[in-house]
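Student: I have a model open and would like to go through its packing. Can we take it piece by piece?

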Amino acid sequence: MKATLILNKNAISDRKKRFEAAQDYVDKKCLEYMTLYVPVGLPKYKNSGKLRDSGKIADRGKIVYTAPKARGDYYNKTINHRHGGNPNATALWFETMKSKHKQAMLRGTAAIAGGKPK
């Protein structure tokens, strides 16, 4: 028995486009869902209210918060992040977002990338 392999020349570029679209979806959803858990700002910092609005997609797969002290606020578990206007605010807001919205993001990503959601 002889088998013939037929190469689809568009398969690689189509897959790359699907993966890029899936990554764009993940980036946008991460930023959207993280906003629910980012502190509005701590009153002791100048321009503190800008922390929540400073999240930007720097590149595919890379989200940065450009507000002053954003990194410190992210890791600081000793301060009360809820003080300042967001009752859901917490340190490690990316980790909190992942634990609460992982399944929804997996379903959306699988739909875009052409896989099966878990």
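Student: How many aromatic pairs does the count come to?
Tutor: The count comes to three aromatic pairs. Rings of Phe, Tyr and Trp (its six-membered ring) pair if their centres lie within 6.5 Å; planes under 30 degrees apart count as stacked, over 60 as edge-to-face and the rest as tilted. This is a predicted model, where local features need pLDDT of at least 70, side-chain atom pairs count only at pLDDT 80 or more, and totals for chains, interfaces and linings use all residues. Residues are numbered from 1 along each chain as its sequence is written, and side-chain values use heavy atoms, with hydrogens and water left out.

Student: OK. What is the geometry between Tyr 65 and Trp 93?
Tutor: Edge-to-face, with 5.5 Å centre to centre and 75 degrees between the planes.

Student: Which parts does that pair tie together?
Tutor: Tyr 65 lies in strand E2 (residues 62-65) and Trp 93 in helix H3, so the pair links parts 28 residues apart in sequence. Helices (H or I, at least four residues) and strands (E, at least two) are DSSP runs, numbered from the N terminus.

Student: And Tyr 74 with Tyr 75, what are the numbers there?
Tutor: Their ring centres are 4.8 Å apart and the planes stand at 90 degrees, so this pair is edge-to-face. Tyr 65, Tyr 74, Tyr 75 and Trp 93 form one aromatic cluster.

Student: Tyr 75 first: buried or exposed?
Tutor: Exposed, because its relative accessibility is 51%. Buried means under 20% relative accessible area, exposed over 50%, partly exposed in between (1.4 Å probe, protein chains only). Tyr 74 is buried at 13%, Tyr 65 is buried at 17%, and Trp 93 is buried at 2%.

Student: What does Trp 93 touch?
Tutor: Leaving out residues up to four places away in sequence, its contacts (heavy atoms within 4.5 Å) include Met 34, Tyr 37, Val 38, Pro 39 and Leu 51, as well as Tyr 65 and Tyr 74. The C-alpha atoms of Trp 93 and Thr 35 are separated by 8.4 Å, although the two are 58 residues apart along the chain.

Student: Switching to the strands. How do E1 and E2 pair?
Tutor: Strand E1 (residues 55-59) pairs with E2 in the antiparallel sense over four bridges; two strands pair if DSSP finds at least two bridges between them. Asp 59 has Lys 62 as its bridge partner in E2, and Ile 57 has Ile 63.

Student: What sits in the turn?
Tutor: E1 and E2 form a hairpin with two residues between them, and Gly 61 in the turn has a positive phi of about 85 degrees.

Student: Now the helices. How do H1 and H3 cross?
Tutor: The axes of helix H1 (residues 11-34) and H3 come within 9 Å and cross at roughly 150 degrees. Axes are lines fitted to C-alpha atoms, for helices over the stretch in contact, and angles run from 0 to 180 degrees between N-to-C directions.

Student: Which residues meet there?
Tutor: Those in H1 include Ala 22, Tyr 25, Val 26 and Met 34, and those in H3 include Trp 93, Phe 94, Met 97 and Ala 113.

Student: Where is Gly 114?
Tutor: In the segment after H3. Gly 114 is exposed, with a relative accessible area of 59%, and its C-alpha is 9.4 Å from that of Ala 22, 92 residues apart in sequence.
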